[in-house]
Amino acid sequence: MQLTKINLHGEVGEVFGKTWELAVETAREALHAINTQTRGKFANYLLEKEKENTKYSILLNGRDFERDETFNAEKPESFVNTELFLKNPNLKTIDFIPVL
């Protein structure tokens, strides 16, 4: 499996490192791997930022992820039907970008 380059932009990158290279095939796997390697601090940080109403955009291979008509950002279960959860052996980059 090839390594995927994960770019954390903005403050989250300053706190946890701007670039990670991990053997992952989904954005979900990448975020889980970073959280595991930071002993849960990554998820806690994101939860705190959510309380401050910070949102993030996720780009896969330089473009917004694909979703179907059932997608609703307010319903976490709808993420299962998006490209964030589907394995992609050609995944080269994931960009995690705060939305201002």
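In this predicted model, the side chain of Asn7 makes a polar contact with the side chain of Asp95, at 3.1 Å. Asn7 belongs to strand β1, which spans residues 4–8. Asn7 counts as buried because its relative accessibility is 14%, below the 20% limit. Beyond its neighbours within four places in sequence, Asn7 is in contact with Lys18, Thr19, Ile94, Asp95 and Phe96.

Within it, Ile58 has Phe96 as its bridge partner in β5.

Strand β3 also joins strand β4, residues 63–64. These two strands run antiparallel as well, with 2 bridges between them. Leu59 is bridged to Asp64 of β4. The β3 and β4 hairpin has 2 residues between its strands. Asn61 sits in this loop. The phi of Asn61 is near 50°, a positive value in a residue other than glycine. Most residues other than glycine have a negative phi. Asn61 is partly exposed, because its relative accessibility of 34% falls between the 20% and 50% limits.

A positive phi also occurs at Arg39, where the angle is near 55°. Arg39 is not a glycine either. This residue lies in the loop between α2 (27–37) and α3 (41–51). Arg39 is exposed, because its relative accessible area is 77% and the limit is 50%.

The aromatic residues were examined next. The structure holds 4 aromatic pairs. In one of them, the ring centres of Phe16 and Phe42 are 5.3 Å apart and the planes meet at 85°, so the pair is edge-to-face. Phe16 lies in helix α1 (residues 11–16) and Phe42 in helix α3, so the pair ties together parts that are 26 residues apart in sequence. Phe16 is buried, with a relative accessible area of 14%. Phe42 is buried too, and its relative accessible area is 1%.

Phe42 forms a further aromatic pair with Phe96. The centres of the two rings are 6.3 Å apart. Their planes are at 50°, and the pair is tilted. This pair links distant parts of the chain, with Phe42 in helix α3 and Phe96 in strand β5, 54 residues apart. Both residues are buried. Ring pairs link Phe16, Phe42, Tyr45, Tyr56 and Phe96 into a cluster.

The C-alpha atoms of Glu25 and Pro89 are separated by 5.6 Å, although the two residues are 64 residues apart along the chain. Not counting residues up to four places away in sequence, Glu25 touches Met1, Leu86, Lys87, Asn88, Pro89 and Leu91. Glu25 is buried, because its relative accessible area is 17%, under the limit of 20%.

How values were computed: Residues are numbered from 1 along each chain as its sequence is written. This is a predicted model: local features need pLDDT of at least 70, side-chain atom pairs count only at pLDDT 80 or more; totals for chains, interfaces and linings use all residues. Side-chain values use heavy atoms; hydrogens and water are left out. Two strands pair if DSSP finds at least two bridges between them. Helices (H or I, at least four residues) and strands (E, at least two) are DSSP runs, numbered from the N terminus. Buried means under 20% relative accessible area, exposed over 50%, partly exposed in between (1.4 Å probe, protein chains only). A polar contact is a pair of N or O atoms within 3.5 Å; within protein, one must be able to donate a hydrogen and the other to accept it, and residues adjacent in sequence count only if both atoms are side-chain atoms. Contact means heavy atoms within 4.5 Å. Rings of Phe, Tyr and Trp (its six-membered ring) pair if their centres lie within 6.5 Å; planes under 30 degrees apart count as stacked, over 60 as edge-to-face and the rest as tilted.
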